[in-house]
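Thanks, everyone, for making the time.

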Amino acid sequence: MPALPDGEAVPADGALPSFVAGPATDDGARFGVYVHVPFCSVRCGYCDFNTYTASELGGGASQLAYATTALREVDLAARVLDDAGLGDRPVSTVFFGGGTPTILPATDLARVLTGVRDAWGLAPGAEVSTEANPDSVTPESLALLAEAGFTRVSFGMQSAVPHVLATLERTHDPDRIPDVVRWAREAGLDVSLDLIYGTPGESAADWRASVEAALATGVDHVSAYALVVEPGTKMAAQVRRGEVRLPDEDDQATKYEIADDLLTAAGLAWYEVSNWARGSEHACRHNLAYWRGDDWWGIGPGAHSYVGARSRADGGAADGGRSGVRWWNVKHPRRYAAALEAGRSPGAGRELLATQEAHLERVMLGVRLAEGLDLAVLDADGRRAVAGLVARELLDGTAAVKGRAVLTRRGRLLADSVVRELTA
């Protein structure tokens with residue numbers, strides 16, 4: 001697992017810096033909550049997320065006690081935001097991620113959601129999502145989640161091909177996917193399927209079969225991510241020893257184009273580089289909030305949070321051009337639980353973002369969206385780069401004339417290069 005970033009200390013009471021405190025005027029930033037559930041039944045060889053199996057944790061960080069521990073941080077967050085004058089915003093989106101959130105009983109997930117609702121309230125039509133492994137749900141558990149207020153579930157399908165799942169060390173039976181999608185829909189939940197392309201040994205035909213299998217379920221949202229093998233993972237060691245061979249960039253580009261062709265033909269349009277939905281009503285609003293720069297509080301070990309500087313009637317953010325604060329919790333569940341039990345913030349560090357850093361992030365995230373980025377956000381050098389990017393068919397020319405930077409499909413494949421030119 002990657003190390004946490006360096007940063008300044010988080011106050012023991014979790015207090016936010018003064019330049020992000022409210023009240024705001026026409027600030028417009030919505031508020032979301034992320035809940036990290038750091039447990040999995042097994043650790044997949046490619047995964048570098050902050051997750052643990054029961055045998056890794058030993059005593060002190062029980063899955064049985066996790067909902068209670070998470071609710072302590074909800075209480076802390078409510079106090080901190082109230083003290084900063086930011087506690088009166090209802091929650092627009094809640095996202096339970098992991099790990100495998102549904103390794104916990106549905107009643108525990110419901111308890112945490114109730115705690116979030118009690119602390120801030122949920123906005124009308126709020127989106128409440130959970131990730132799930134296909135082998136971690138039942139019709140009954142999905143029905144309980146829907147009754148508790150969950151609206152959406154995202155299943156980690158990854159592939160429909162057994163040998164690809166075996167390489168990824170995924171434990172579910174691919175034949176179970178249509179069943180879990182049906183169960184979720186019968187419970188009244190919107191459904192997304194997550195896919196991974198570029199697994200060692202995966203052919204183009206394998207990948208096509210996986211996308212077609214996902215579409216055959218009739219889902220309204222699909223995420224497709226290129227496999228990234230991070231240092232320190234089991235798969236990275238296998239690659240280093242020559243036991244598995246990663247595909248090249250051309251292979252990954254071809255598979256992205258296969259996915260885009262199939263998903264578009266089935267009526268799912270891209271709204272972010274790696275995400276397709278059957279209409280805006282099925283897009284993941286929680287992830288859109290990240291890409292648009294809204295505020296969120298991350299609950300759980302290793303979770304990150306962000307609050308932007310308030311827009312004020314007296315001229316805007318203060319404190320030397322600081323634009324927001326990002327902080328992150330300690331990673332290990334035992335340390336996380338111990339801090340909260342002692343009445344302290346579990347924050348491990350924080351970063352006060354300068355205006356230039358925030359500008360880079362706004363461009364990097366905003367340009368990934370199908371809605372594009374307002375060219376007025378760019379500095380003079382960035383605006384001058386637009387014509388060249390249009391000429392090379394990386395940005396859409398018609399959109400640029402209308403004042404927005406919108407990636408072409410070729411641009412989506414080279415999004416990082418586009419961002420570098422727009423921020424050089």
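**Salt bridges and packing**

Asp220, at 12% relative accessibility, counts as buried, where buried means under 20% relative accessible area, exposed means over 50% and partly exposed lies in between, with a 1.4 Å probe and protein chains only. Before I go on, please keep in mind that this is a predicted model, in which local features need pLDDT of at least 70 and side-chain atom pairs count only at pLDDT 80 or more, while totals for chains, interfaces and linings use all residues. Residues are numbered from 1 along each chain as its sequence is written, and side-chain values use heavy atoms, with hydrogens and water left out.

The partner of Asp220 is Arg185, with which it forms a salt bridge whose closest N and O atoms are 3.2 Å apart; by salt bridge I mean a side-chain nitrogen of Lys or Arg within 4 Å of a carboxyl oxygen of Asp or Glu. Arg185 lies in helix α6 and Asp220 in the loop between α7 and β6, so the pair ties together parts that are 35 residues apart in sequence; helices here are DSSP runs of H or I with at least four residues, strands are runs of E with at least two, and both are numbered from the N terminus. Arg185 itself, at 36%, is partly exposed.

A second pair is Arg350 with Glu8, at 2.8 Å between the closest N and O atoms. Because Arg350 sits in strand β12 and Glu8 in the segment before β1, this pair ties together parts 342 residues apart in sequence. Here Arg350 is buried, at 11%, whereas Glu8, at 36%, is partly exposed.

Following the helix comes Gly293, whose phi is positive, near 85 degrees.

Finally, the largest nonpolar core has 96 residues, a core being a set of buried Ala, Val, Leu, Ile, Met, Phe, Trp, Tyr and Cys residues joined through side-chain atoms within 4.5 Å. Helix α2 gives the largest share of this core, 10 residues.
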